[in-house]
Amino acid sequence: MGETILDRVTANRRTVLAAAPIALTAVAPAFAKTASKGEANEIVMMNATDLSAAIHRKELSSREVMSAHLAQIDRLNPRFNAIVSRVDGDALLRQAAAMDEDAAAGRFHGPLHGFPHAVKDTAPVKGIASTQGSPILKGNIPAADSLVVSRMRKAGAVFIGKTNVPEFALGSHSYNPVFGTTHNAYAYGKTAGGSTGGGAVALALRMVPVADGSDFGGSLRNPPGWNNVFGLRPSFGRVPSVPNSDLFWQNFATSGPLGRTVADLAMLLSVQAGGDARSPFSLGDDPAMFAGSLDRDWKGGRIGWLGDLGGALPMEAGIMDTCTKALRAFEAIGMRVEAARLDEPAADMWQTAKTLRHWSVGADLQAFYNDPAKRALMKPEAIWEVEGGMKLTGPQLAAASEGRTRIYKAFEAAFEHFDFLVLPTAQVFPFNVSEHWPTEIAGKAMDSYHRWMEVTLPATMAGLPALAVPAGFGGALKLPIGLQIIGRRHADLAALQVGHAYEKASPWIARSLPPVLKRSG
């Protein structure tokens with residue numbers, strides 16, 4: 001949530017983006033050879049890795065894949081509102097046909113060859129509206145792709161539109177005045193999470209094979225946890241942020257992948273990751289390592305369960321029970337699960353994160369705030385972040401940076417005893433879409449629009465890889481929640497490997513389809 005510093009259409013975050021108003025295309029017609037009414041085409045039910053293999057074996061054409069997914073979008077998106085700024089269907093089919101011509105000539109673009117893909121509406125895609133859910137940017141059409149988008153395009157993705165987000169990606173509830181509200185894939189009327197809410201729902205409802213997102217305070221962890229899919233906040237530098245006007249200080253947000261399986265997610269990461277000379281802290285490891293086998297023996301490994309940080313974080317009834325039951329999957333693969341703790345107090349970690357977020361988000365939105373006409377279009381949470389950033393002093397920022405260092409050291413100390421540390425993906429289950437954000441948890445008042453997501457911020461501050469995996473369905477309404485599996489510095493591959501083992505030990509994940517989906521046949 002709140003990864004507004006990432007994937008801007010311009011390198012200057014303080015430059016107001018200006019473009020001619022656009023007319024969003026109407027909903028594309030259904031072109032897929034669909035199954036019976038109310039059922040999903042079998043193509044959209046395939047895992048992304050299987051779908052990619054079938055396309056490369058020429059068992060499926062890109063046109064068939066595109067048609068099936070467009071039909072699925074037509075069937076479900078009008079209700080759930082996950083995909084916005086849709087591209088004309090005929091134009092997409094022509095692009096798919098061109099992919100088929102390349103395939104016939106043996107020219108495969110990459111693992112995403114012919115994949116229909118909707119990019120998160122914070123990342124610029126050439127020629128497609130990039131609004132960030134803000135009326136200020138309603139008419140903005142980027143002239144170029146961001147780096148992560150260009151990598152997905154080069155790998156064969158065909159961009160069908162964008163996925164919905166909160167305004168300026170602030171908050172873990174995907175609603176905005178431009179496109180409206182995205183509903184949870186498993187519980188219509190409940191929030192999808194955010195800010196990658198549209199991506200998680202589109203993925204869970206089989207509108208797209210994989211999804212991309214970005215994460216500052218949980219945007220690649222909270223929505224997957226609430227929609228029974230997987231998401232990875234990669235290590236800082238794993239997926240470079242280009243363009244970016246601040247290459248040294250603005251290092252909280254990162255792009256990353258979502259998938260219905262860990263292998264699907266890893267395949268997309270192999271496309272997104274890799275060093276870039278324009279990003280001084282980017283990691284130069286060969287991203288092909290993520291596309292290989294994820295099988296690994298974890299017998300004797302140790303999981304540290306951080307839970308509610310020693311009682312410091314309020315949790316909705318049912319969160320802890322559901323998550324602790326899910327930990328049994330680690331024991332099933334031969335790992336030991338024990339209680340763990342971080343030496344840095346939770347209250348101090350929150351203050352560190354709050355200060356640095358004020359500074360980061362505030363700087364990002366300052367140009368809009370400085371224009372009274374644009375300020376009038378900003379939601380209160382955005383104004384609060386800017387004004388909070390304006391009040392900060394140099395000594396306060398220095399103290400927060402020192403606090404961030406202590407958080408990193410606290411994790412390092414815990415990793416002397418554990419291979420991975422685990423937390424819930426949220427402190428509440430999906431709430432009603434009519435709520436802006438939870439104002440209290442278990443009787444404790446929340447003092448900001450993101451305090452209820454405090455559980456995700458320690459991993460962000462430490463810059464560590466954090467894999468979100470489904471934990472189950474709990475609470476009075478049996479709603480979905482997930483686990484964050486936090487790995488050591490740069491141990492993204494290990495996090496994927498243990499997540500893959502967890503997934504194999506949790507067959508209920510694949511069986512737990514959203515209620516609106518029915519298997520054909």
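I take buried to mean under 20% relative accessible area. By that cut-off, strand E11 (residues 420-424) is mostly covered, with five of its five residues buried. I note that the model is a predicted one.

**Entry 1: strand E11.** I looked at the two sides of E11 in turn. Phe-420, Val-422 and Pro-424 lie on one side, Leu-421 and Leu-423 on the other, and each of these residues is buried. In a regular strand the side chains alternate between the two faces of the sheet. I then looked up the pairing. Strand E9 (residues 302-305) runs parallel to E11, and three bridges link them. Here Trp-305 is opposite Val-422 of E11. Strand E15 (residues 479-486) is antiparallel to E11 and is joined to E11 by four bridges. In that pair I find Leu-423 opposite Gln-484 of E15.

**Entry 2: strand E8.** How many residues of strand E8 (residues 254-259) are buried? I find six of the six, so E8 is largely enclosed by the rest of the structure. Thr-254, Gly-256 and Leu-258 point one way from the strand, while Ser-255, Pro-257 and Gly-259 point the other way; all are buried. Strand E6 (residues 211-215) pairs with E8 in the antiparallel sense through five bridges, and Ser-214 sits opposite Ser-255 of E8. Strand E7 (residues 230-233) is also antiparallel to E8, with two bridges. Phe-230 has Gly-259 of E8 as its bridge partner.

**Entry 3: helix H12.** I listed the buried residues of H12 (residues 380-390): Glu-381, Ala-382, Ile-383, Glu-385, Val-386, Gly-388 and Gly-389. Two glutamates, Glu-381 and Glu-385, are in that list. An α-helix has 3.6 residues a turn, so residues three or four places apart point the same way. Which helices are among the cover of the buried residues of H12? I find helix H10 (346-370) and helix H11 (372-375) included in that cover.

**Entry 4: the whole protein.** I count 16 helices and 15 strands in the secondary structure. The C-alpha trace spans about 60 × 60 × 45 Å along its principal axes. Buried residues account for 64% of the 521. Of the contacts between residues at least 6 apart in sequence, 78% join residues at least 24 apart. The protein exposes about 18200 Å², and 53% of this comes from carbon and sulfur atoms. Last, I looked at charge: there are 52 positive and 48 negative charges, and their mean positions are 2 Å apart.

Notes: Residues numbered from 1 in each chain as written. Predicted model: local features only at pLDDT ≥ 70, side-chain atom pairs only at ≥ 80, totals over all residues. Heavy atoms only, no water. Buried < 20%, exposed > 50% of the residue type's maximum accessible area, 1.4 Å probe, protein only. Contact = heavy atoms within 4.5 Å. Areas by Shrake-Rupley, 256 points an atom, 1.4 Å probe, with all protein chains shown as cover. Lys, Arg positive; Asp, Glu negative; His and termini not counted. Charge placed at Lys NZ, Arg CZ, Asp CG, Glu CD. Pairing = 2+ DSSP bridges.
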